[in-house]
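Q: I have a model open and want to go through it piece by piece. Can we start with what counts as buried?

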Amino acid sequence: MKDLTTAKNNLGLHTICLCKNGQCITDDKRGIAPMMGFIARGLDLNGYSVADKMVGKAVALLFVKCGIASVYAKTLSLSGKAVLEKFNIPFEYDSLVEKVINRDGTDTCPMEKTVTDCADPEEAYLLLKNKLALLAKNQ
């Protein structure tokens with residue numbers, strides 16, 4: 001759990017910090033953007049520990065896809081917790097919430113809605129990739 005402690009200690013003002021054997025990767029983008037970017041760049045994150053400000057089901061499924069070893073979430077949703085438990089990924093959190101809310105605070109996060117009925121990490125990645133492309137096209 002040394003990597004997880006290092007990730008937590010280096011989260012600071014970042015939105016996400018991944019650590020393995022003393023090497024840390026940080027990002028400041030919000031939501032699932034950091035993990036989607038890491039995957040798109042082909043980063044091998046297998047065995048990394050992650051500290052993240054918000055972990056819902058969408059990003060938890062991405063963690064599983066990438067082979068993340070352990071997770072710390074400042075805020076963890078119930079569905080994110082269920083994914084981590086299902087895939088036996090050790091986790092810690094500061095607060096547990098019913099669901100991830102969108103940035104307007106008016107509804108459930110669109111990324112969470114996208115994976116509501118999905119339990120497969122590979123399928124979730126494709127669904128999220130398509131959703132992000134659709135959102136970018138509509139802007």
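A: Buried means under 20% relative accessible area, exposed means over 50%, and partly exposed lies in between. Keep in mind that this is a predicted model.

Q: Fine. Which residues of α3 are buried, then?
A: They are Lys57, Ala58, Val59, Ala60, Leu61, Leu62, Phe63, Val64 and Cys66. That is nine of the 10 residues of α3, so the helix is largely enclosed by the rest of the structure.

Q: How many residues are in the largest nonpolar core, and which have the most contacts inside it?
A: The core has 35 residues, and Leu18, Met35, Leu45, Phe63 and Ile68 have the most contacts inside it. At least two core residues come from each of β1 (16–20), α2 (33–40), β3 (49–55), α3 (57–66), β4, α4 (78–86) and α6 (121–137). The largest share, eight residues, is supplied by α3.

Q: What does Ile68 touch, leaving out residues up to four places away in sequence?
A: With those left out, Ile68 touches Leu18, Leu45, Tyr48, Val50, Phe63 and Ile89. There is also a second, separate core of seven residues, which includes Leu4, Ala7, Cys19 and Ala51.

Q: You mentioned Cys19. Which cysteine is joined to it by a disulfide?
A: Cys24 is joined to Cys19, with an S to S distance of 2.4 Å. The count comes to one disulfide. The link of Cys19 and Cys24 is right-handed, with 100° about the S-S bond.

Q: Are the two ends buried or exposed?
A: Cys19 is buried, with a relative accessible area of 0%, whereas Cys24 is partly exposed at 32%.

Q: Switching to Ser70. Where is it found, and is it buried or exposed?
A: Ser70 is found in strand β4 (residues 70–77). Ser70 has a relative accessible area of 3%, so it is buried. Its side chain makes a polar contact of 2.6 Å with the side chain of Ser49. Not counting residues up to four places away in sequence, Ser70 touches Met1, Leu4, Tyr48, Ser49, Val50, Ile89 and Pro90.

Q: Now Asn10. What does its side chain reach?
A: The side chain of Asn10 reaches the backbone oxygen of Thr6 at 2.8 Å. Asn10 is in helix α1 (residues 2–11) and counts as partly exposed at 37% relative accessibility. Beyond four places away in sequence, Asn10 touches Cys17, Cys24 and Thr26. Asn10 and Thr26 are 16 residues apart in sequence and 8.3 Å apart in space, C-alpha to C-alpha.

Q: Last topic, rings. How many aromatic pairs are there?
A: The count comes to one aromatic pair. The ring centres of Phe91 and Tyr93 are 6.3 Å apart and their planes are at 20°, so the pair is stacked. Phe91 is partly exposed at 23% relative accessibility, and Tyr93 is partly exposed at 34%.

Q: Which lysines lie over rings?
A: Lys8 lies over the face of Tyr72, 4.9 Å from the ring centre. The charged end of Lys65 sits over the ring of Tyr125, 4.9 Å from its centre.

Conventions. Residues numbered from 1 in each chain as written. Predicted model: local features only at pLDDT ≥ 70, side-chain atom pairs only at ≥ 80, totals over all residues. Heavy atoms only, no water. Helix = DSSP H or I, 4+ residues; strand = E, 2+ residues; numbered from the N terminus. Buried < 20%, exposed > 50% of the residue type's maximum accessible area, 1.4 Å probe, protein only. Polar contact = N/O pair within 3.5 Å; in protein donor to acceptor, adjacent residues only side chain to side chain. Contact = heavy atoms within 4.5 Å. Phe/Tyr/Trp six-rings, centres within 6.5 Å; stacked < 30°, edge-to-face > 60°. Lys NZ or Arg CZ within 6 Å of the ring centre and 35° of its normal. Core = buried A, V, L, I, M, F, W, Y, C linked by side-chain atoms within 4.5 Å. Disulfide = S-S within 2.5 Å.
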